[in-house]
Amino acid sequence: MSVNIKADLIANIIGGQCSNKKIEVNNFSSLSSANKHSISFYNDPKFKNDLIKTKASIVIINKKDAYLRDGEMILVDDPYLAFAKISSLFNSDTHEASIDDSAIISNDVILKKNVYIGSHSSIGKNSKIFDNVFIGSNTSIGKEVMIGSNTIIHSNVTIESKVKIGSNCEILSGARIGTSGFGFAKEKDGKWLKIPQVGSVRIGNYVDIGANTTVDRGAIEDTVISDGVKIDNQVQIGHNCIIGENTIIAGCSGIAGSTIIGKNCMIGGAAMIKGHIKIADNTIISGGTGIGKDVNVPGKRFTNVFPYNLEHKDW
C-alpha cells in the first residue's frame, strides 16, 4: 500500500527549497516513467527532454538548472545525493518477526526482538542475533556469529563461524563471509601444505557487501571491513586484509591477502591489488588498474593496465 508524503517533509530531509509545500507524492520514479503522484530528480543534461515531458508532480533539481523546469520543484545542491537520502521513504519492504518451521537453530542461540529467519536457514551454537535482523532463506550461519541490529542478510549467504557483523549492514545473495583464506607453504618436494586459517572476519556498521562476493577469514588475526565500507558484486577480499572506513570497491576487483587499504578510497571495477601492501587514505584506483606496491601519499589517483602504480596523469 502506497503512502502519501508531503513535499515539505522531503525538502526538510534533503535540505532543499520547495516551491509548493502542500504537494503530496507516493512514489519515486524516473522522469520518463513518473505519474502525477511521483517525485523524480534531474541531474544530467542527457535527460533534458525527459525533464520537459515528465508527468512528475515535483522534481528535485539543482539550483543552476531550475530554469529548465516548468512546474513544481525542490532546489538542492546535489540532486543525486538527495535521491539517495529519500528513496527509502517509498520502499515498502518490511518484515515481521517470524522463524520458518524449516529453519534449524541451535538451542543456545540468542535471538533479540523482531528477527526474521527464512526457510531452510541454519544458525550454529552460541550465535547472537540482535533486533530487527532479517535472514533470508537457505542461509548458513556458523557457530559464535554475531549480527548487529537492523542488518539484512539475503538468501543463500554463507557466514562462517566467529564472524562479527555490525548494525545496519546488508549482505546480498550468494556472498561468502569467513571462508578459508588462501594460505599454503611449499615443501621441499614441491608439494603445497595448507596453513590453517584460524582467524575470522569483523565487519563494522553500515557496510554493504554485494552478491557473490567473498571475504576470506584471517590466518591468525581477523580480516577487517570497517564502518561504512561498500563492496560491489563478485569482489574477492583476501585473508587478513583491512579495509578502511567509507572505502568503496566496485565489482570484480581482487584484493590479495594482508593488504591494508585506507579510509575513503575508491576502487574501480576489476582493479587488481597485490598482497602485503598499504594504500593511503583517499586513494582513487581506476577500473582495471593494477597496484603492485605501497601507495604512501594520500589523495592520488592511479590508472594503468601495465606497468603498475602509474599515476593517472602520467598514464
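Salt bridges, defined by a side-chain nitrogen of Lys or Arg within 4 Å of a carboxyl oxygen of Asp or Glu, number 6 by this rule. The structure is a predicted model, in which local features need pLDDT of at least 70, side-chain atom pairs count only at pLDDT 80 or more, and totals for chains, interfaces and linings use all residues. Residues are numbered from 1 along each chain as its sequence is written, and side-chain values use heavy atoms, with hydrogens and water left out.

One of the salt bridges joins K63 and D77, whose closest N and O atoms are 3.6 Å apart. This pair links distant parts of the chain, 14 residues apart: K63 is in the loop between β6 (58-62) and β7 (73-76), and D77 is in the loop between β7 and α3 (79-86). Helices (H or I, at least four residues) and strands (E, at least two) are DSSP runs numbered from the N terminus. Exposure is given as relative accessible area, with buried meaning under 20%, exposed over 50% and partly exposed in between (1.4 Å probe, protein chains only). On this scale K63 is partly exposed at 48%, whereas D77 is exposed at 62%.

A salt bridge is also formed by K300 and E311, with 2.6 Å between the closest N and O atoms. K300 lies in the loop between β38 (290-291) and β39 (301-302), and E311 lies in the segment after β39, so the pair ties together parts that are 11 residues apart in sequence. K300 is partly exposed, its relative accessible area being 28%. In the salt bridge between K313 and D314, the closest N and O atoms are 3.4 Å apart. K313 is exposed, with a relative accessible area of 66%.

The secondary structure of the chain consists of 3 helices and 39 strands. The C-alpha trace spans about 75 × 60 × 25 Å along its principal axes. Of the 315 residues in the chain, 44% are buried.

Helix α1 covers residues 7-14, and its buried residues include A7, I10, A11 and I14. These four residues are on the same side of α1 because they cover an arc of only 100 degrees around the axis, the arc being that of the directions from the helix axis to the C-beta atoms. After α1 comes G15, which has a positive phi near 65 degrees. L9 is also placed in helix α1, but L9 is partly exposed, at 43% relative accessibility.

L9 belongs to a nonpolar surface patch with I13 and L89, and together these residues have about 220 Å² of accessible area. Accessible areas come from the Shrake-Rupley method with a 1.4 Å probe, and for residues only the protein chains shown count as cover. Patches are made of residues with over 30% relative accessible area and no salt bridge; like charges are joined within 9 Å, and nonpolar side chains (Val, Leu, Ile, Met, Phe, Trp, Tyr) within 5 Å.

A positive surface patch is formed by K125, K143, K162 and K164. For charges, Lys and Arg count as positive and Asp and Glu as negative, while His and the chain ends are not counted. The place of a charge is taken as NZ of Lys, CZ of Arg, CG of Asp or CD of Glu. K162 is found in the loop between β18 (158-159) and β19, and K162 is partly exposed at 46% relative accessibility. Although K162 is not a glycine, its phi is positive, at about 70 degrees.

A positive phi, of about 60 degrees, is also found at H276, which is not a glycine. H276 is in the loop between β35 (272-273) and β36 (278-279) and is exposed, at 66% relative accessibility.

Two isoleucines were also examined for C-alpha separations. I52 lies in helix α2 (residues 48-53) and is exposed, with a relative accessible area of 57%. The C-alpha atoms of I52 and S32 are separated by 9.8 Å, and these residues are 20 residues apart along the chain. I249, in strand β31 (residues 248-249), is buried at 1% relative accessibility. Between the C-alpha atoms of I249 and D232, which are 17 residues apart along the chain, the separation is 6.1 Å.
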